[in-house]
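I opened my notebook to record what I looked up in this structure. The entries follow in the order I made them.

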Amino acid sequence: MKLSSLLPVTKWARSYDREWLRLDIIAGITVGAFTIPEAMAYVSLAGLPPEIGLYSSLVALLVYMLFGTSNQLSIGPTSTISILVGSTLGTLMITNVSQYFMMASLVAVMVGVLAIISWALRLGFVIKFISRTVLTGFLAGIALFIASGQLPRLLGIPGTQGNFFERIYYLLVHIDQANMATLAIGAGGLVFLFLATRKFPKLPNNLFLVLGSIVLITFIDPVSLGVEIVGSIPQGLPSLIIPDPTLIDFNVLIVLATTVFLISYVEGYLFAAEYAARNKYRIDKNQELFALGASNIAVGLFQGLPIGGVPSRTAVNNESGAKTPLAGGISGLVILFVLLFFTGIFYNLPETILAAIVIFVIKRLINIPHFKRIYNFSKIEFAIAIVTLLSVLFFGALEGIVIGVILSVLGLLKNMYNPHIAILGRIPGTMKYLDIQRHPESEIIYHTLIVRIDGSQIFMNTESIKNTIIGLVDYEYNDTKLFILDFEATPFIDYSGIEMLEELVDEMKQRGIKVKGANMYGFLRDSIRKTRLEQEIVDSKFCLTIDECIKRWESEEKENQKNM
């Protein structure tokens, strides 16, 4: 393996254009300013202190700069991953704070190991495991679940555990305990973000809000008003730790790590691919696995929690003109500078402001237009999205994504089990043969039944296909003398499918029906050649069209009549 493949930095650094430096620096500083308050807010969803968000972002950005292939992707703690970690580890009733921190780091290392193994096995296709339908429902459910946990912080009410509905019930019962000063500051922060983002979308408005709220708190007494503040954030760099794998139940760890890995890779790859297409370059999906793995392992070893691609900061990075991964490295240096010299300024940061930032950012996860498009496209897929959403709200993030994936797989298996079987007719005046249900004007050829199976013929559907076809010739088309099986929409056939076709041919012979195959191409034709079907249903070394099959049969019938 070439070094440039494993370390893409060695490739883009050699061809770096000096004119890009100014844009990368501007983008890096801008994204760094966005990252500081967002990372601090996101890790609170996992029950971790603000400095963990800064440690995770610092390490992730610097490592990804070396191994990543996206010029715009910004990685670090995300709301989705943080709530997955927090909601799962929170159920373990861990009383020791340092042990809880260690577990979060251990999950990051495990996510990294899974990503590296997937890279070694070239399993980039795992992004297909979670469909966009499931992801849409999952993210909307996560957004509502996160909001239910942040609203108490916004109102100054002690929070609670449980699912979405339990949290909302708790909030309604204790609404009279809301702290007016906390609510005023938090609501003011939300209003500021709505207005500022609409007017100045490219500015680090989150950072402006954080700094402004800190200035405000310095002129009032937060203790007397009952306003909770962040307090002391340790100054300096994170120290190296080795997470102890005996601290957590292995079954819980592997399920959580696998789910976080899939979510982080799918989200990160989708964001990276989208901006790569916009900027006309390609990313390597397998190398992205390695970059994700290396970043998570490094983060876990330096007191962080699992990380992934962050859509909001990736968009800012692109809009700010980032040309190479160096922009992400500069963002990391901005965080490094803050950790070394300026953590003290965050002492008076109100907790309600972090809640306001989270609530404002997660509203983007509820993509109503996308739900509408899914509904218009497929009611079944829309139902899967809604069930995934409700599963997250009722059972939790981990269970919700598992249920969504299972439903998607079951939907896929259902379609594979019952492929559409089209009866074809000829469009008058042409040699085109189309589905008679979709094209009522098409004509059934006399004594001829033409069938197209829309899908692969595999072990799970062979019996259903054969029974349907036999039913057609025995009842609806019992005058059939020629049966043509159109393979144009059959991309694959397995051994069970071959056996089914051989049985079908035998049963047609018993009924005095001639069978011919049409439009067999590529891999499918290679499979047919290995069986007796080559002599049974194929008349030529070339793939015959439906029209040629009919003409061949008519010619054979005339020849047989002459010989009688």
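**Helix contact**

The model is predicted. I began with the residues by which two helices touch. In α4, Ser-56, Val-59, Ala-60, Val-63, Tyr-64 and Phe-67 make the contact. Their partners in α13 are Gln-287, Glu-288, Phe-290, Ala-291, Ala-294, Ser-295, Ala-298 and Val-299. I sorted this contact by class and got ten nonpolar, three polar and one charged residues.

Next I looked up the geometry. Helix α4 covers residues 50-67, and helix α13 covers residues 285-301. The two pack at an angle of about 145°. Their axes lie 8 Å apart. I noted the crossing of α4 and α13 as right-handed.

**Surface patch**

I found a nonpolar patch of about 630 Å². Leu-211, Leu-237, Phe-337, Leu-340, Phe-341, Phe-342 and Ile-345 make this patch. Which helix gives the most to the nonpolar patch? Helix α15, residues 326-341, does, with three residues. I placed Leu-340 in helix α15.

**Salt bridges**

Last, I looked up charged pairs. I counted twelve salt bridges, taking a side-chain nitrogen of Lys or Arg within 4 Å of a carboxyl oxygen of Asp or Glu.

Notes: Residues are numbered from 1 along each chain as its sequence is written. This is a predicted model: local features need pLDDT of at least 70, side-chain atom pairs count only at pLDDT 80 or more; totals for chains, interfaces and linings use all residues. Side-chain values use heavy atoms; hydrogens and water are left out. Axes are lines fitted to C-alpha atoms, for helices over the stretch in contact, and angles run from 0 to 180 degrees between N-to-C directions. Helices (H or I, at least four residues) and strands (E, at least two) are DSSP runs, numbered from the N terminus. A crossing is left-handed if the near helix is turned anticlockwise from the far one by less than a right angle, and right-handed if clockwise. Contact means heavy atoms within 4.5 Å. Ala, Val, Leu, Ile, Met, Phe, Trp, Tyr, Cys and Pro count as nonpolar, Asp, Glu, Lys and Arg as charged, and the others, Gly among them, as polar. Patches are made of residues with over 30% relative accessible area and no salt bridge: like charges are joined within 9 Å, nonpolar side chains (Val, Leu, Ile, Met, Phe, Trp, Tyr) within 5 Å. Accessible areas come from the Shrake-Rupley method with a 1.4 Å probe; for residues, only the protein chains shown count as cover.
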